[in-house]
Amino acid sequence: MRWSKLKKELKERLADNLKDRLDYHLTSYKNSTGFIGRAWITWDGKEILNFSNQDTVNNFDSYSNELAETNYISHEPLTLIDRHNGNLMEKGEFSKYDFAENAFRFLNLNVQDAIKSENPILKALAVVDKRIGKRTLDELRKSENHPMIEYLIELRTEENTMHNTGYKP
């Protein structure tokens, strides 16, 4: 599936309070080997999440995070000790490959399966999906989640959908 169609499908599934504010992007850089590229998510035009192939290779000597469940050379998931306080994602934690493959997988997955997944990207896409209700998000808040998921829950559940969560995009 082409990126433009995939993006359109993802945007159509966004909760109403996020539709005009959250956006998905993906690119491969011209004259690269096809490997150098990134995906990113913006909030009101400001980048909040970055999925960079180059950062993943530079920081983890791999193409993917094991949690993303791709068939690429993967690195182990980060532990709480490995995290910098307040970061939504560590630099290179997930790659463009991780995001793109999981975005496609998400479209073909039951949203309840995605929200229960151990895969942070699938779960993050489910959190912003209009088919997930307030009670499910409240239950999810009670469990330990990846910082990116916690931040997206906050954006999704806030009335004005913007406040200081303490996370640095």
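This note walks through a predicted model, point by point.

1. **The sheet.** Start with the open sheet of 3 strands. The strand order is β1-β2-β3, and the pairing is antiparallel. β1 (22-28) and β3 (46-52) are the edge strands, and each pairs on one side only. From one strand to the next, the twist averages 20 degrees.

2. **Pairing of β1 with β2.** Strand β2 covers residues 37-43. It runs antiparallel to β1, and the two are joined over 7 bridges. Leu22 stands opposite Trp43 in β2. His25 stands opposite Trp40 in β2.

3. **Pairing of β2 with β3.** This pair is also antiparallel, with 6 bridges. Arg38 has Ser52 in β3 as its bridge partner. The two strands form a hairpin, with 2 residues between them. Look at Asp44 in that turn: its phi is positive, at about 55 degrees.

4. **Helix α7.** This helix spans residues 147-157. It is largely enclosed by the rest of the structure, because 8 of its 11 residues are buried. Which residues of α7 are buried? They are Pro147, Met148, Ile149, Tyr151, Leu152, Ile153, Leu155 and Arg156. The cover over these buried residues includes the strands β1, β2 and β3. It also includes the helices α5 (120-127) and α6 (134-141).

5. **Salt bridges: Lys11 and Asp23.** The structure holds 13 salt bridges. In one of them, the side chains of Lys11 and Asp23 meet at 3.6 Å, N to O. Lys11 belongs to helix α1 and Asp23 to strand β1, 12 residues apart, and the pair links distant parts of the chain. Lys11 is partly exposed, because its relative accessible area is 22%.

6. **Salt bridges: Arg21 and Asp44.** The closest N and O atoms of this pair are 2.5 Å apart. The pair also links distant parts of the chain, 23 residues apart. Arg21 is in the loop between α1 and β1, and Asp44 is in the loop between β2 and β3. This Asp44 is the turn residue with the positive phi. Arg21 has 23% relative accessibility, so it counts as partly exposed. Asp44 has 45%, so it too counts as partly exposed.

7. **Salt bridges: Glu69 and Arg105.** What distance, N to O, goes with the salt bridge of Glu69 and Arg105? It is 3.7 Å. Glu69 lies in the loop between β4 and β5, and Arg105 lies in helix α3 (residues 96-107), so the pair ties together parts that are 36 residues apart in sequence. Glu69 counts as partly exposed because its relative accessibility is 47%. Arg105 is partly exposed as well, with a relative accessible area of 26%.

8. **A salt-bridge network.** Lys134, Asp138, Arg141 and Glu154 belong to one network. They are joined by salt bridges that share partners.

9. Ile73 is in the loop between β4 (64-65) and β5 (74-75). Is Ile73 buried or exposed? It is exposed: its relative accessible area is 55%.

10. Asn17 lies in the loop between α1 (3-12) and β1. Its relative accessibility is 29%, so Asn17 counts as partly exposed. Along the chain, Asn17 and Val128 are 111 residues apart. Their C-alpha atoms are separated by 9.5 Å.

Conventions: Residues are numbered from 1 along each chain as its sequence is written. This is a predicted model: local features need pLDDT of at least 70, side-chain atom pairs count only at pLDDT 80 or more; totals for chains, interfaces and linings use all residues. Side-chain values use heavy atoms; hydrogens and water are left out. Helices (H or I, at least four residues) and strands (E, at least two) are DSSP runs, numbered from the N terminus. Buried means under 20% relative accessible area, exposed over 50%, partly exposed in between (1.4 Å probe, protein chains only). Two strands pair if DSSP finds at least two bridges between them. Axes are lines fitted to C-alpha atoms, for helices over the stretch in contact, and angles run from 0 to 180 degrees between N-to-C directions. Contact means heavy atoms within 4.5 Å. A salt bridge is a side-chain nitrogen of Lys or Arg within 4 Å of a carboxyl oxygen of Asp or Glu.
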